[in-house]
Amino acid sequence: MKTMEDHLSNLERKSISIIREAKAQFKNIAVLWSTGKDSTATLWLCKKAFFGRIPFPVIHIDTSYQFPEIYEFRDRIAKEWNLNLLIAKNEEALREGMSPEKNRLNCCTALKTEALKSIIRREGFDALILAIRRDEHGIRAKERIFSPRDENFRWRYMDQPAELWDLYVKPSEDFSHMRVHPILHWTELDVWLYVKREGLPVNPLYFARDGKRYRSLGCMPCTVPIPSNASTIDEIIEELKTTKIPERAGRAQDKERAYMMQKLRSLGYM
């Protein structure tokens, strides 16, 4: 009988295989890290794929509107894991007063997508590893493991390469860079079970305080906690087995609507 341990090990093996394949196929690769559970688990998979060392840069997109706990966690883990950390920040947009109050679509585009585009151009990255999952949002269910972006960084969600028999091949035609999604096949519960098994560090925002906790981390003005008393990893796992609340229920709903998220992602959003 297949056990949960077998299930997690199979997920891990497939993810590590994807990460190694991406490193082999692309000349200049990086991994995005938000400090959330998914991207921290992905960093750990990168470490395991290359025997304890991540041999490429780690990018954090800093909007300047993130929680203090995010910055503290980022700096602490970057030092402990000896990461080559790059900060992507759209200083010009911030100087001009861009904020979520101006319009969340415009804000995400300026402070996240444009910041990412800028660092891709500056560093010449031809592939990025991202920690997105199909079960997280309906639009992300349309993604592929290897997902090319065109010369304008756009995602052509209606024209994606086929992926048969776990073969991931970069397209021969021109493209700006590849998005690689090694945990696309995982679920939220899988991630938390893996965090527990591997003893991974966890951003404290995920643990309940005064009857509330954050289930998905974003910018402070666009993220609210959900009702919860789960203050340990075990309690979070048990909560997920019965909850009916969507994972991104605490994120700004105007941005989370399917049309809006698809538009953001088509423009290069994570």
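Helices (H or I, at least four residues) and strands (E, at least two) are DSSP runs, numbered from the N terminus. The structure described here is a predicted model, in which local features need pLDDT of at least 70, side-chain atom pairs count only at pLDDT 80 or more, and totals for chains, interfaces and linings use all residues. Residues are numbered from 1 along each chain as its sequence is written, and side-chain values use heavy atoms, with hydrogens and water left out.

**Two loop residues with positive phi**

- Most residues other than glycine have a negative phi.
- Asp210 lies in the loop between H6 and strand E7 (residues 212-213), and its phi is positive, at about 55 degrees, although it is not a glycine.
- Asp210 counts as exposed, with 82% relative accessibility; buried means under 20% relative accessible area, exposed over 50%, and partly exposed in between (1.4 Å probe, protein chains only).
- Thr35, in the loop between E1 and H2, also is not a glycine and has a positive phi, near 85 degrees.
- Thr35 is buried, at a relative accessible area of 0%.

**Packing of H2 and H6**

- Helix H2 (residues 37-49) packs with helix H6 (residues 188-198) at an angle of about 55 degrees, and their axes are 10 Å apart.
- Axes are lines fitted to C-alpha atoms, for helices over the stretch in contact, and angles run from 0 to 180 degrees between N-to-C directions.
- H2 and H6 are therefore oblique to each other, since angles under 35 degrees count as roughly parallel, over 145 as roughly antiparallel, 65 to 115 as roughly perpendicular and the rest as oblique.
- The contact (heavy atoms within 4.5 Å) involves Lys37, Asp38, Ala41, Trp44, Leu45 and Lys48 of H2, together with Glu188, Val191, Trp192, Tyr194 and Glu198 of H6.

**Nonpolar cores**

- A nonpolar core is a set of buried Ala, Val, Leu, Ile, Met, Phe, Trp, Tyr and Cys residues joined through side-chain atoms within 4.5 Å.
- The largest nonpolar core has 53 residues, and those with the most contacts inside it are Trp33, Leu43, Phe56, Leu83, Ile129, Phe146 and Trp192.
- Among the elements that each supply at least two residues of this core are helix H1 (4-25), strand E1 (29-32), H2 and H6.
- H1 gives the most to this core, namely six residues.
- A second, separate core has 13 residues, including Leu32, Ile59, Ile61 and Ile120.
- When neighbours within four places in sequence are left aside, Leu43 is in contact with Val31, Trp33, Ile54, Val58, Trp81 and Leu83.
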